[in-house]
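User: I am new to this structure and would like to learn how to read it. Could you take me through a few features, step by step?

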Amino acid sequence: MNRFKKILRWGVSLFFASSILAVIAYRFIPVYITPLMVIRCFQNGSLTMHHQWIPLEEMSPHMPVAVMSSEDSRFLLHHGFDFNAIGNAAERNLKHKHGKKFGASTISQQTAKNVFLWPGRSWVRKGFEVYFTALIELFWSKQRIMEVYLNSIEMGNGIYGVEACANYNFGKDAKDLSRADCALIAATLPNPRKFSSKYPSGYMRLRQRQIMANMRYIPSFPKEGEDYDPRTAVGSTYR
């Protein structure tokens, strides 16, 4: 029993040390591959995937605003978790027990999940998500979280990150994406394998217009070190 406890302590210590070091390392180095990318390769039976890391400065300035308008407009205000959104989602789920489940994942939570974890809805995975979200909020800036998010998120079948999406779905570089292009990409994010920014349906066009309307109320995304005025922030719609 004593030996087991010793091994357990070493295992826990190793996990915390390695996870913290990984988060600190990814504060500075690009994230070229994620667990989801590997899992999708096995699911698709192919090693083909489209992903190209680029700095946030080489993306259209409309892209961060679009995903905030669609996913998490309080991203610059919270510290990884939006408890108002969590409460609202829980209330809606209680009212619609047998219908669609509403979530309240922030961009920080989605980034933690995409980079460090596997897809799923178990309580174990959710616990790790909370842990890694707290770590990236502690060690990364909001700009770095957004940069990693926009480079690692799935944006189509085998397509990861805004540069690959811009290349394959719009025939241009990420820096040249228009405001409407960015809103259309953001509209697909709840289910990028179902919804396409290359061949958008009528529903996608409707979502695009809604996101573009919301973008008017969100200021431009601040650069590293710039101040952000919370008085200009508005409410948010979460998936």
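**Two helices in contact**

Analyst: Let's begin with a helix pair: in α9, the residues R179, A180, A183, L184, A186, A187 and T188 meet M204, R205, R207, Q208, I211, M212 and M215 of α10. By type, the residues of this contact between α9 and α10 divide into nine nonpolar, two polar and three charged. Please keep in mind that the model is predicted.

User: At what angle do the axes of helix α9 and helix α10 cross?

Analyst: The general idea is that two packed helices are described by the angle between their axes and the distance between the axes. Here, helix α9 spans residues 179–188 and helix α10 spans residues 202–215; their axes cross at roughly 115° and come within 8 Å. The crossing of α9 past α10 is right-handed.

User: Can we zoom in on one residue there? Is L184 buried or exposed?

Analyst: L184, which lies in helix α9, has a relative accessibility of 3%, so L184 counts as buried. Setting aside neighbours within four places in sequence, L184 is in contact with F170, S197, P200, M204, R205 and Q208.

User: Now the rings, please. How many aromatic pairs are there?

Analyst: A pair of aromatic rings is described by the distance of the centres and the angle of the planes. In this model the count comes to twelve aromatic pairs. One of them is F15 with Y131: the ring centres are 5.6 Å apart and the planes stand at 35°, so this pair is tilted. Because F15 lies in helix α1 (residues 2–26) and Y131 in helix α6 (residues 123–139), the pair ties together parts that are 116 residues apart in sequence.

User: And which kind of pair do F15 and F132 make?

Analyst: With centres 6.4 Å apart and planes at 85°, F15 and F132 are edge-to-face, since planes over 60 degrees apart are read that way. F132 is in helix α6 and F15 in helix α1, so this pair ties together parts 117 residues apart in sequence. As for accessibility, F15 counts as partly exposed at 30%, Y131 as buried at 18%, and F132 as buried at 6%.

User: Which residues form one aromatic cluster?

Analyst: The cluster is formed by F15, F16, Y26, F116, W118, F128, Y131, F132 and W140.

User: What about charges over rings: where does the charged end of R27 sit?

Analyst: R27 has its charged end over the ring of F28, 5.6 Å from the ring's centre. For K142, look at F75: K142 lies over the face of that ring, at 4.5 Å from the ring centre.

Definitions and conventions
Residues numbered from 1 in each chain as written. Predicted model: local features only at pLDDT ≥ 70, side-chain atom pairs only at ≥ 80, totals over all residues. Heavy atoms only, no water. Phe/Tyr/Trp six-rings, centres within 6.5 Å; stacked < 30°, edge-to-face > 60°. Helix = DSSP H or I, 4+ residues; strand = E, 2+ residues; numbered from the N terminus. Buried < 20%, exposed > 50% of the residue type's maximum accessible area, 1.4 Å probe, protein only. Lys NZ or Arg CZ within 6 Å of the ring centre and 35° of its normal. Axes fitted to C-alpha atoms, helices over the stretch in contact; angles between N-to-C directions. Left-handed = near helix turned anticlockwise from the far one by under 90°. Contact = heavy atoms within 4.5 Å. Nonpolar A, V, L, I, M, F, W, Y, C, P; charged D, E, K, R; others polar.
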